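Welcome to a short tour of a protein structure.

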Amino acid sequence: MEHSRRAFVQSTLAAAGAAAFNLPEWVLPALAAGDTLVPFTDLPATVNLTPTADRRVFDVRTIDGLLTPAAQFFTTQHYGHPVLDAGTHRLTVTGLVDRTLTLSVDDLKRMKQVDVVAGFECSGNSRPLQGLSGNGRWTGVPLREVLRRAGIRADGREIVCFGADHGEEEVDFRGRVTKVDQQFGRSLSRDKALTPEPLVAHSLNGEPLTRHQGFPLRLIVPGWYGVANVKWLAQIHVQADAYLGKYQARWYRTLRGETINGEVKWKETAVTHQNLKSFIARVTAGPGEHTVLGVVLHDGTPLRSVEVKVDDGPWQPAVLDPESAKHPYSWKIFRYAWRGATPGEHTLVSRATDTRGRVQPTAEELVSKKTFLEDNSQYPRKVRIG
Ligand SMILES: Nc1nc2c(c(=O)[nH]1)N[C@H]1C(S)=C(S)[C@@H](COP(=O)(O)O)O[C@H]1N2
Ligand SMILES: [Mo]
């Protein structure tokens, strides 16, 4: 983006009280000439996009097209970023298989390659920034092709994927704690692992994965929350028993009350597929109208509608960007032309509905969810029209 416009956008953000915002290199190049960013008044004045050395948050106001550039892609993990060598790294397939495999990155690149555009969201992603989300084109080999090569035995029911990253963990059993060194691990059921979508990926947006994103190999499970997408993939272990590692069985669970026959039952579930969610990413003022732009993240079920509501007005249909709508697992970009905005503060909110009839819930409808992951609630945002 040319310098003057970037300077202009930065001064707009600064005027919005976002002076401490840690701006990435490019900002809002999608802004048409003459359009200005309308600041959100509900966004804290200080938003740090790099809270720690190994974490980065995406500024969703900068969405500029289908794919989130790798250098802006959010990153988060539990044991830091291991440094691996693509030449010597091996992916092993072990356990209840006919043949143990040891595959190099080149071995995988010689297999049939597939591409998937997938929306990506950490299950802890939430307001005010919604910045633990992005959209990428991933390239690699279907997980099931790797498993076919190894041959999963009939008694192999659980496919455990381990990263090369590890750390000391306290394992508590009835108050007695044992300290052990554990690798980051996540499992898929045999049935899920053998669906066509999960990918052993080596590239993001046509470039090798960066160290942040799991170089040289990571699992991608399109339509599932971030945690399923094991980075620095080093071993796939097939076993009969359920895998109960910390990040599988304890840290990524959701507790909800569900009313069955008039009685509340408390249900604990694992974090798996993405719950239908939309949020408004930015508002711009152009000649004659304002544009509300946002995204939908979902599990790949086709969408029926995305709607926007201004203050206490009716739900109005938003328009889906045809490019993102082509890819089932991509995040879907939507736009709503807001006409006749009057001066003063306004509340804008979006909601998505899919073809299975699921409607994005309000925050009130989610009160029976007692844990903080999987917050897909409608997000009312505030802007002030000058
Ligand atoms: N090996 C490994 N993979 C991991 C994690 C991890 O700690 N170790 N964190 C998971 C979580 S919680 C998320 S949200 C995504 C983040 O992926 P990204 O850094 O590419 O955005 O990686 C997942 N894969
Ligand atoms: Mo996550």
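**Loops, pockets and a ligand**

Pro216 is found in the loop that runs between strand 9 (207-208) and strand 10 (218-220). The peptide bond leading from Phe215 into Pro216 is cis, and its omega is near 5°. Please keep in mind that this is a predicted model. The points below go through the loops, then the ligand, then the pockets.

- Another cis peptide bond links Arg127 to Pro128, and here omega is about 5°.
- To find Pro128 in the 3D view, go to the loop between strand 4 (114-121) and strand 5 (133-142).
- Asn261 is worth a stop as well: its phi is near 50°, which is a positive value in a residue other than glycine.

**Ligand 1 and its neighbours**

- How many residues surround ligand 1? There are 20 of them, and the closest are Phe74, Thr75, Asp165, Arg218 and Lys231.
- Sorted by class, this shell around ligand 1 contains 8 nonpolar, 9 polar and 3 charged residues.
- Arg218, one of the closest residues, has an N or O atom in its side chain that lies 2.8 Å from an oxygen atom of ligand 1.
- Thr76 takes part through its backbone: a polar backbone atom of Thr76 is 3.2 Å from an oxygen atom of ligand 1.
- With Asn229, the ligand atom is a nitrogen, and it lies 3.1 Å from a polar backbone atom of Asn229.
- On its own, ligand 1 has 540 Å² of accessible area, and the protein covers 99% of that.

**The largest pocket**

- Where does ligand 1 sit? Its place is in the largest pocket.
- This largest pocket has a volume of about 450 Å³.
- Its lining is made up of 26 residues, and Thr76, Gln77, His78, Cys122 and Tyr252 are those that lie nearest the centre of the pocket.
- The lining of the largest pocket divides into 12 nonpolar, 10 polar and 4 charged residues.

**The second largest pocket**

- For the second largest pocket, the volume is about 260 Å³.
- Which residues lie nearest the centre of the second largest pocket? They are His273, Asn275, Leu276, Arg358 and Asn376, out of 17 residues that line it.
- By class, the lining of the second largest pocket holds 5 nonpolar, 7 polar and 5 charged residues.

Note on methods. Residues are numbered from 1 along each chain as its sequence is written. Chains are lettered from A and ligands numbered from 1 in the order in which they are written. This is a predicted model: local features need pLDDT of at least 70, side-chain atom pairs count only at pLDDT 80 or more; totals for chains, interfaces and linings use all residues. Side-chain values use heavy atoms; hydrogens and water are left out. A residue is near a molecule or strand if one of its heavy atoms lies within 4 Å of it. A polar contact is a pair of N or O atoms within 3.5 Å; within protein, one must be able to donate a hydrogen and the other to accept it, and residues adjacent in sequence count only if both atoms are side-chain atoms. Accessible areas come from the Shrake-Rupley method with a 1.4 Å probe; for residues, only the protein chains shown count as cover. On a 1 Å grid over the protein atoms alone, a cavity is a set of points where a 1.4 Å probe fits but cannot get out, and a pocket is an open set with protein on both sides within 12 Å along at least five of seven lines; lining residues have an atom within 4 Å of a point. A molecule sits in a cavity or pocket if more than half of its atoms lie within 2 Å of its grid points. Ala, Val, Leu, Ile, Met, Phe, Trp, Tyr, Cys and Pro count as nonpolar, Asp, Glu, Lys and Arg as charged, and the others, Gly among them, as polar. Grid points are joined across faces, edges and corners, and a volume is the space filled by probe spheres set on the points. Helices (H or I, at least four residues) and strands (E, at least two) are DSSP runs, numbered from the N terminus.
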